Amino acid sequence: MKFFVDTADLTEIKELAATGLLDGVTTNPSLVAKSGAANFVELIKDICKTVEGPVSAEVAATDYETMLEEGLYLAKLAKNVAVKVPLTPAGLKVCKHLSGQGTMVNVTLCFSPAQAILAAKAGATFVSPFVGRLDDIGENGMQLIADICQIYAQYPEFKTEVLTASVRHPQHVVQAALMGSHVATIPPSIIKQLFAHPLTDKGLAAFVADWQKCGQKILPSKAA
Ligand code: G3P
């Protein structure tokens, strides 16, 4: 399973890239606005230099012609750009065009299995179902992931990867993994939560204390 970080904050991206556990980055207009970055294009170039894997950069237009122009422009910024388009008729038309020329495309704002089928038929590299936003309105976000994974598994011609998005807590990540979601894009705070368990902290404290008591060292003393 691949882990993408869902942020446009370059400092956070650099910190997480240093762990070696990061496979890509997703941004969206709201995350870019939150980051305070003054120049979106320069930000995407910087992120693409920091992380080798796919970096999703979202178009701003909603009409086909402008969206395509923006997508073609974004695709030229770096070889690891994945152009992000909304799951609309125009967005899927742009997806078909870009994927046909070998550009990675992330189809975002997916809220139903029917939409995910369309994204796969349009040749999307990734489809992004938003689980948290479905939970927020009383629906079952993870059921959507299960449904899409089941549908895609029946059609080997569908090459689209399921990218679980709008992740709100570690259990979304675990459930996505159990269901076979190829990717989860995770906010930095939740990636940090994935590491945490109170028994890990307690156990480590006990090991450190016991090691001190036995007075030994693993590494040989360095010559003066
Ligand atoms: O990147 C898109 C998605 O992950 C947004 O999440 O928290 O705004 O619903 P959220």
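This is a predicted model: local features need pLDDT of at least 70, side-chain atom pairs count only at pLDDT 80 or more; totals for chains, interfaces and linings use all residues.
Modeller: Residues are numbered from 1 along each chain as its sequence is written, and side-chain values use heavy atoms, with hydrogens and water left out.

Biologist: What makes Cys95 and Cys149 count as buried?

Modeller: A residue is buried under 20% relative accessible area, exposed over 50% and partly exposed in between, with a 1.4 Å probe and protein chains only. Cys95 has 0% relative accessibility and therefore counts as buried, and Cys149, at 12%, counts as buried too. Of the 224 residues of the chain, 45% count as buried.

Biologist: Why is the pair of Phe4 and Phe126 called edge-to-face?

Modeller: Rings of Phe, Tyr and Trp (its six-membered ring) pair if their centres lie within 6.5 Å, and planes under 30 degrees apart count as stacked, over 60 as edge-to-face and the rest as tilted. The ring centres of Phe4 and Phe126 are 5.6 Å apart and their planes stand at 80°, so the pair is edge-to-face. Both residues are buried.

Biologist: What makes this pair a tie between parts that are apart in sequence?

Modeller: Strands (E, at least two residues) are DSSP runs numbered from the N terminus. Phe4 lies in strand β1 (residues 2-6) and Phe126 in strand β6 (residues 126-129), so their pair ties together parts that are 122 residues apart in sequence.

Biologist: Why is the pair of Tyr155 and Phe158 called tilted?

Modeller: Tyr155 and Phe158 have 5.4 Å centre to centre and 40° between the planes, an angle that belongs to neither the stacked nor the edge-to-face range and therefore counts as tilted. Ring pairs also link Tyr152, Tyr155 and Phe158 into a cluster.

Biologist: What makes Tyr155 partly exposed, and Phe158 buried?

Modeller: Tyr155 has 39% relative accessibility, so the residue counts as partly exposed, whereas Phe158, with a relative accessible area of 16%, is buried.

Technical notes: Helices (H or I, at least four residues) and strands (E, at least two) are DSSP runs, numbered from the N terminus.
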